[in-house]
Amino acid sequence: MIFLLFSIGGVMLLTAIELRWPASTEPSTRLVNAKVWALYAAVTYALVPVVGSLATRGVNWLGGGVFDLASWPIVLGVLAFAFAMDFGEFLFHRAQHAIPFLWRMHSLHHSDPNMNATTAARHFWADPLIKAVTVWPAVGLLFKPTPLILVIYASLSLYHYFAHANLRVNFGRLSWVLNAPAYHRLHHSADPQDYGTNFAGLFPIFDLIFGSYRQPTRFVQTGLAERPRGLLDAIVWPAKAR
């Protein structure tokens, strides 16, 4: 509950900043995003921590977890787990763009006509469950995280709201170090020439390694031609999306 309140507070603050200093004044669908977020939050906060933790612990119980992070310094343990999880998220994200049935779900996220902080929660409700039984247990094969590391990693995920913000924040030549609004906006670009770039969630070094890195040098329009008209559309989105 505390984490959810921090999420809401962070999005409200970012939205206020966006409205005062918008990178783009194109209309957005924040109301639709808020409705989708409510459903997504119910799944994410009620089921994913349970399913994901059980999947990871289950893998650990079966013998997985080469490295026990309880014996590591906390900073090193957090960094190792965060990099492993972000690499898993990166691979899953690539799969979402390459596998048709995953794209039909993920395209809901890309359909926002003007990416902003609330877009970070504009996901099809089944997405977090799929990651909970794929990315989480896969990382569990490598690491045994402590409860504190899991809490810290969950807190780091709040950064995604900033990465989606409608703000002109660009790290320029250091874009390969950490995700930023300009970097991630290029991934959401409506221009086909930008497709297949900047998949990283937190660490763009993975894009650099796998050839999908592109330094942002211009501001782009976002969105897809097809968009949900309301919550019902979002709930059944894969059946509607192409």
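I began with burial: buried means under 20% relative accessible area, exposed over 50%, and partly exposed in between, with a 1.4 Å probe and protein chains only. Tyr159 was my test case, and at 21% relative accessibility Tyr159 counts as partly exposed.

A note on the ground rules. I am reading a predicted model, where local features need pLDDT of at least 70, side-chain atom pairs count only at pLDDT 80 or more, and totals for chains, interfaces and linings use all residues. Residues are numbered from 1 along each chain as its sequence is written, and side-chain values use heavy atoms, with hydrogens and water left out.

**Entry: Tyr159.** I placed Tyr159 in helix 9 (residues 159-163); helices here are DSSP runs of H or I with at least four residues, strands are E runs of at least two, and both are numbered from the N terminus. I also looked up Tyr159 and Asn179, which are 20 residues apart along the chain, and found 9.0 Å between their C-alpha atoms.

**Entry: the cores.** I looked for nonpolar cores, meaning sets of buried Ala, Val, Leu, Ile, Met, Phe, Trp, Tyr and Cys residues joined through side-chain atoms within 4.5 Å. The largest has 20 residues, and Phe81, Met85, Val139 and Phe143 have the most contacts inside it. Helix 4 (74-98), helix 7 (135-140) and helix 8 (147-156) each give two or more residues to this core. Helix 4 provides the largest share, eight residues. I then found a second, separate core of 10 residues, with Val32, Phe124, Ala126 and Ala234 among them. A reminder for myself: in soluble globular proteins, nonpolar side chains tend to be buried together.

**Entry: the rings.** I paired rings of Phe, Tyr and Trp (its six-membered ring) if their centres lie within 6.5 Å, calling planes under 30 degrees apart stacked, over 60 edge-to-face and the rest tilted. The count came to 15 aromatic pairs. Phe83 and Phe206 have ring centres 6.3 Å apart and planes at 75°, so I logged them as edge-to-face. Phe83 sits in helix 4 and Phe206 in helix 11 (residues 205-210), so this pair ties together parts that are 123 residues apart in sequence. Phe83 is partly exposed at 33%, while Phe206 is buried at 10% relative accessibility.

I next checked Phe90 with Phe206, a tilted pair at 6.0 Å centre to centre and 35° between the planes. Phe90 is in helix 4 and Phe206 in helix 11, so the pair ties together parts 116 residues apart in sequence. Phe90 is buried, with a relative accessible area of 1%. Which residues do ring pairs link into a cluster? I listed Phe83, Phe87, Phe90, Phe199, Phe203, Phe206 and Phe210.

**Entry: Arg168.** I found Arg168 over the face of Phe219, at 4.3 Å from the ring centre; a charge sits over a ring if NZ of Lys or CZ of Arg is within 6 Å of the ring centre and within 35 degrees of the ring normal.

**Entry: Asn198.** Most residues other than glycine have a negative phi. I noted that Asn198 has a positive phi of about 55° although it is not a glycine. Asn198 is in the loop between helix 10 (181-187) and helix 11, and counts as buried at 0% relative accessibility.
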